[in-house]
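Colleague: I've got a fold open and want to go through it with you. Can you talk me through the features one at a time?

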Amino acid sequence: MRRRTSLARAALALAATVHFASSVASADTPTAQVGAPAPAFTARNTEDRSVSLQSLLGKTIVLEWTNPECPYVHKHYVSGSMQALQKEATANGVVWLTISSAAAGNMGYLDALEGAELTATRNASPTHFLLDHDGQMLKAYGVTVALTMAVIDAKGTLAYAGAIDDKPTAKPSDIPGARNYVRDALTALAAGQPVKPAQTRPYGCVAR
């Protein structure tokens with residue numbers, strides 16, 4: 001009986017951290033709109049260097065919101081699928097930005113050293129790991145959950161925003177049969193084709 005109670009409490013705790021993005025506008029109404037210019041941003045990376053959208057224009061850019069304590073994020077890293085996609089993308093000249101927007105004291109918060117260590121232990125290879133502690137990027141792009149993904153084309157247009165794939169579960173075994181929307185978007189852009197779908201509903205854990 002105690003074991004069942006413990007499991008129930010764990011499930012409730014997980015549920016409290018997980019939700020899906022809503023289309024309801026808040027006081028921090030996002031400026032991001034698929035098909036329109038991507039919101040400008042400037043953030044510090046784990047090496048304390050400034051990285052801005054303006055400095056990256058001319059290249060395709062992937063934005064990946066992460067939270068190391070989120071089981072949905074963990075799914076894509078423990079399986080190696082996120083690392084594989086990062087390497088595939090950057091090998092083709094894509095700039096990959098992994099972003100931590102968790103505020104100090106909140107689930108998943110990382111300082112610069114922790115962000116660098118996380119990248120190393122994951123064997124990940126983003127171009128930059130950005131620290132969005134003030135949540136400016138998160139607000140501009142309307143992000144509510146970690147594992148939200150976005151793709152910006154070389155002209156600075158937001159070409160895709162939403163989920164990484166069509167399997168909103170925490171099970172790594174679901175990855176082989178999933179449609180990876182980010183890979184599809186990058187493939188379409190490389191071929192000069194429109195991204196379809198251009199927007200999906202992201203899944204994951206509270207990003208801030």
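Colleague: Which loop holds asparagine 123?
Modeller: A word on the source: this is a predicted model, where local features need pLDDT of at least 70, side-chain atom pairs count only at pLDDT 80 or more, and totals for chains, interfaces and linings use all residues. Residues are numbered from 1 along each chain as its sequence is written, and side-chain values use heavy atoms, with hydrogens and water left out. Helices (H or I, at least four residues) and strands (E, at least two) are DSSP runs numbered from the N terminus. On that numbering, asparagine 123 sits in the loop between α5 and β5 (128–131).

Colleague: What is the phi of asparagine 123?
Modeller: Most residues other than glycine have a negative phi. Asparagine 123 is not a glycine, yet its phi is positive, about 60°.

Colleague: Which residues does threonine 119 contact, leaving aside neighbours within four places in sequence?
Modeller: Threonine 119 belongs to helix α5 (residues 112–122). Its relative accessibility is 17%, so it counts as buried; buried means under 20% relative accessible area, exposed over 50%, and partly exposed in between (1.4 Å probe, protein chains only). With contact taken as heavy atoms within 4.5 Å, the partners of threonine 119 are Ala124, Pro126 and Phe129.

Colleague: Is aspartate 48 buried or exposed?
Modeller: Aspartate 48 is in the loop between β1 (42–45) and β2 (50–52). Aspartate 48 also has a positive phi of about 60° without being a glycine. Its relative accessibility is 52%, so aspartate 48 counts as exposed.

Colleague: Which cysteines does the disulfide join?
Modeller: A disulfide is a covalent bond between the sulfur atoms of two cysteines; here the test is a pair of cysteine sulfur atoms within 2.5 Å. The structure holds one disulfide. With S to S at 2.2 Å, the pair is cysteine 70 and cysteine 205.

Colleague: How many residues apart in sequence are the parts that cysteine 70 and cysteine 205 tie together?
Modeller: The link is right-handed, with 75° about the S-S bond. Cysteine 70 is buried at a relative accessible area of 1%, and cysteine 205 is buried at 0%. Cysteine 70 is in the loop between β3 (61–65) and α3 (71–78), while cysteine 205 is in strand β9 (residues 205–206), so the parts tied together are 135 residues apart in sequence.

Colleague: How far is the C-alpha of valine 73 from that of alanine 170?
Modeller: Valine 73 is in helix α3 and is buried at 1% relative accessibility. Not counting residues up to four places away in sequence, valine 73 touches Thr66, Asn67, Arg122, Ala146 and Leu147. Along the chain, valine 73 and alanine 170 are 97 residues apart, and their C-alpha atoms are separated by 7.9 Å.

Colleague: Which residues touch the most other members of the largest nonpolar core?
Modeller: A nonpolar core is a set of buried Ala, Val, Leu, Ile, Met, Phe, Trp, Tyr and Cys residues joined through side-chain atoms within 4.5 Å. Among the contacts of leucine 63, beyond four places in sequence, are Phe41, Ile99 and Met137. Out of 50 residues in the core, the ones touching the most other members are Leu63, Leu97, Tyr141 and Val182.

Colleague: Which element gives the largest share of that core?
Modeller: In soluble globular proteins, nonpolar side chains tend to be buried together. The largest share of this core, five residues, comes from α7.

Colleague: What separates the C-alpha atoms of leucine 189 and threonine 60?
Modeller: Leucine 189 lies in helix α7 and is partly exposed at 24% relative accessibility. Leaving out residues up to four places away, leucine 189 touches Thr60, Val151, Asp153, Ala159 and Val195. Leucine 189 and threonine 60 are 129 residues apart along the chain, with their C-alpha atoms separated by 8.3 Å.

Colleague: What share of the chain do buried residues make up?
Modeller: The secondary structure comes to seven helices and nine strands. Of the contacts with a separation of 6 or more, 74% are between residues 24 or more positions apart. Of the 208 residues in the chain, the buried share is 44%.
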